[in-house]
Each structure stands twice: as C-alpha cells, then as structure tokens.
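Hi,

Here is the structure I promised to pass on. Please open it first, then read my notes below.

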Amino acid sequence: MPTIAEKQAVLIDEFTFFDEWMDKYNHIIEMGKALPVLDELDKNDDLLVQGCQSKVWLKAEKQGDCVRFWADADAIIAKGIVAMLIDVFDNQPAKEVAAADLGFLEEIGLKDHLSPTRANGLMSMIKQMKFYALAFGGAN
Amino acid sequence: MSYDVQAIRQQFPILHQQVHGRPLVYLDNAATAQKPLAVIEAITNFYTKDNANVHRGVHTLSQRSTDAMEAVRAAVCAHINAREVGEIIFTRGITDSINTVAFGMGALIQPHQNVVITALEHHSNIVPWQMLCERSGAALRYIPMNDKGELNLSTLDALVDENTAIVAFNHISNALGTINPVKLILERAKAVGAWTLVDGAQSGPHAKVDVQDWDVDFFTLSSHKMYGPTGLGVLYGKRERLEALPPYQGGGEMIATVTMEKSTYADIPHKFEAGTPHIEGIIGFGAALSYINSVGIEAIAAHEAALLDYATKTLSTIDGFRIIGTATKKASVISFLVDGTHPYDLGVLLDQQGIAVRTGQHCTQPIMDQFCIAGTARASFAMYNTFEEIDLFKAALERAVTMLR
C-alpha cells in the first residue's frame, strides 16, 4: 500500500501533465465520475459536510488501525475534489491521516485556483476527514 | 439611427479584458451592471475637484457638492416623473429602501391587517415584511405563481382585501425575468385602500417607469443595476405617505431641532436621510442616468429583447437545455439548467472559458423550492452585450456539458 506522501506524488505527476485548467478540471471530473456512488441511504444530513456550496456527503469507518472513506456530491467538480482526497487518505493509518500535510493541493495549484467559497469547501472536507481520523484513534 | 453596440462597448473599459486567457463575456448583469466611463469620470472628478460634505457649510466646495447631489435628485425625479424632489430619497440600496417602509409601517399597521407579497420576490422584498408581521402580528400573504413563473392573478381579489395594509411586489423578477402586470395588481390594491410598493430593481435598467401614471405609493431603484455605483438606492414615496411614515434611522441631517429631551424631524426627503449621504455614489448615479438617457431606454430595451430572443432560440438547441421561467412577458434574463449537469459545475467551466454567469438561488429560495430545484445558472443581458457573445456563450456551454456528462 503506497503511503500518503506517495499517493500525493502520483497526483502531482498526473496534474503537471496538463497545462490548461480546462484539462485539469476534466481530470478532476473524471475522478469524480470514477468514484463509487454512495448508497442513497447514506446521503443524509448527518453525513453532509458543512461549509460546502454544493452538497457533499462523507462517510468514514474504522478498519483496524486504518480509516476507510466514501463520499458523494451533487456537483461533479466537488465530487472530483473529494475523490482526490479519498485517493490520498482512504485505507491509511488513522494517525497518518490526522497528521498529514496535503502539500499536493498547492503543488497542483488547486488551492490558489479555487474561489474563496470553494476553497472554504475544500478545507471543510479535509477538516471533516481529519476529525474522523482523530476520532478513530489517530490522536496519539 | 441603428443601435451601435460597439460604440457603447467602447464606453465600458472593464469589458476589454481577458479572463483565463479568453475574452470576457459578462452575462451577470442582473446581479450588477458594469460602469461606463461617464460614471467613473464623474466620481474621479468629484474627488479631484468638488469633494466636501453637503447641506452644511457655506464654503464653495460644500456648495458645489450640495448642488451636484441635489441636481441628481432632480434628475431622478424627472426620470420617474415624481411630483416633487422631496419624494426622492437616497438610500443604501433597495434592501434599505424596503426596510425603511417596512420599519415605518410598524407604527401604523394593526394586528388584524395583512401584507401581500408574491411568490416571485427577492429575499429583500420578503424578509423585511416577515419582520414587520412578526413584530405587529399582521399576516403575510403570497400571490402564487404557475410553472411558467407567472403570477396566478385569479387569487388576487381573495388575497388583497379590505384588511390589506400594503401590497409589495417586483416589476420584473430577478431570478426568472418575468414582467409582472403592475397596473392590474395596483388597481386591486387601490380599490381596497391598501398602500403599494413596487420593487424596480430589475426594471430600472430596462424600462421607463412613470410613478404618477402607475399611481404607486412607493417605488425603488438600485444604482448599481443601472450602470451606477454600488451602495446607493432610491426610495420614491408619495409625499402624504412619506409624511405619515415615521423615520427609520435617527441622526444628523434628518432633524429640524434637537434638544436633549426631544427632536423634531426635518421635512422630506431629509427626514429619511440620516447621516452623511453617499455623495460620490449619488453623483456617479447621476452620470449613469444621463448615460442611459443618451443611449435611450427604449433602444436599450429593444436591443436586449433581440438578445433574449436570439439566446432563447440558439441555446434551446442544446440537448437537455431547460429554461426555468418561461413567462410570456420576460426581461433579458435566462435562468437555466442542463439535464445531467449541476449549475455550479456549469458556472465553474463557463468561467474557465471567460463567461461570467450567476449560479445558485439568486436570493430567491422560495422560487427554487417551488420548482423543486437547488438553483439555476443564469445569464442576463445588458445594453453592451452582443449576438457574438451569445454564440461564444453557447459554444462554451456545449463544451462544459460535454465534459460534465
């Protein structure tokens, strides 16, 4: 299993391949389309990530020392962004997720590119994933 | 003389730029319109030569500022055909204008009375009335709309009755573009003795309004939607209504005499203009009004109607393109969805291609709820938009839809 750092390096590689933001968005959209859909029952208000402009549902489970993540969104770009985060964080040790530095978001330019509202949404998704990791024993 | 859109575009410096490497196509005019050079220069000129506080001080600059501001009041008075300049109040915007009336009515309305608005209103013409009704115990009623986004007027006589204190509604819907039958609604309101308020946020830039012909009690305008500065609105009110209405805010400028025990209020319009006004904004708005009149509001409206017609036809050829709000009488607004896509995603991918549209609920959550949708994307046209821009918009939209599906 590749580490969080290795996963980020792969994403950076993928995105540096594209010069145009339309192509980067296309890649994000494809990642969103490839993300397994969440069960309709899981799309409830309890799993809604607060602070996103579109609706984003995030589900997490503890498996051993690791955290599993699933997500869905009503808008595909938001879904693509959460898919990238899941790609990096899913099935990683809770401790690693809680402590991780997501430098790839800056490297691929996403952080600077998003409007303030959308950047806040991205931060809310990351915060929510880290909260789950902490709750699942990633604190120590 | 034919409509020279290129000459008009030359007057709007902001339009001549690239966004994400593409020429800017600005289609968010219902949110705010861009400003012509005449407005920008009027503001620069004011701060370069004339800036001083108004209505006080005998020095030359103060006199110039006061004269310039009062000349704009007279221009607005003429523009909407009010009886006298005292009936023109400068506010912070339409939200402020409506709150001024709704707050003042708190002292006049009785618990058994009702307030009638419509299902087509912007939040700014809903929330102040909800607050008034909560404070006073009066009931709030809505004239419903059909699935084309037109008001269902068969309910009018039942909803507007002898207990109606005020009927408040917009001339043109910002979310759907519907042009409401103003005179018909006003007639019913007047027949039962109710006060009336028409929100002219969207009509200001597109239509000529004559408040005496309408015989409306209150009418509101927004400067920034009429190519003028932000932070400024107009509240027109009939003299007798403004005299009956208690002031909304206290402070300087709005008083006749002040002692520590009691103050008496100035005559209208000053009674409703507490504090130093938005002088620069008022002067800029004056320049915007002159600019609109130099192009001609009928010519602008005809150009926009042609753009709306062309855009409606050409965009409708996109597979799954759906217009929300298909009223027979419509202003230059297209609120839309494309099957299989989310409006937020469309907004992002259009922006990447230089096209500025609005996405979301457009401050009209109840309208979106009635259509059972989370929001729409909205393109709205102004005097400087072109048919070529609609072609660019369509091509960009098609590309976005292909990526999203």
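How many residues of chain B are in contact with chain A, and how many of chain A with chain B? On the chain B side there are 12, and they meet 16 residues of chain A. Keep in mind that this is a predicted model.

**The interface**

The two chains bury about 1300 Å² between them. Carbon and sulfur atoms account for 62% of that area. Three residues stand out on chain B: Tyr344(B), Gln352(B) and Met403(B). Together they supply 42% of the area that chain B buries against chain A, more than any other three residues.

Two elements of chain B each give two or more residues to the side that touches chain A: helix 12 (343-351) and helix 14 (387-404). Helix 12 of chain B has the largest share, with four residues. By class, that side of chain B has five nonpolar, four polar and three charged residues.

What about salt bridges between chain B and chain A: how many are there? The count is zero. Polar contacts do occur, with six residue pairs found across the interface.

**Chain A**

Chain A has seven helices and three strands. Along the sequence they run α-α-β-β-α-β-α-α-α-α. Its C-alpha trace spans about 40 × 30 × 25 Å along the principal axes. The radius of gyration of chain A is 14 Å, which agrees with the value near 14 Å for a compact globule of 140 residues. Buried residues make up 50% of chain A. Of the chain A contacts with a separation of 6 or more, 64% join residues 24 or more positions apart.

Best wishes

Conventions: Residues numbered from 1 in each chain as written. Chains lettered and ligands numbered in written order. Predicted model: local features only at pLDDT ≥ 70, side-chain atom pairs only at ≥ 80, totals over all residues. Heavy atoms only, no water. Contact = heavy atoms within 4.5 Å. Buried area = accessible area lost by both parts, 1.4 Å probe. Salt bridge = Lys/Arg side-chain N within 4 Å of Asp/Glu carboxyl O. Polar contact = N/O pair within 3.5 Å; in protein donor to acceptor, adjacent residues only side chain to side chain. Nonpolar A, V, L, I, M, F, W, Y, C, P; charged D, E, K, R; others polar. Rg over C-alpha atoms; globule rule 2.2 N^0.38 Å. Buried < 20%, exposed > 50% of the residue type's maximum accessible area, 1.4 Å probe, protein only.
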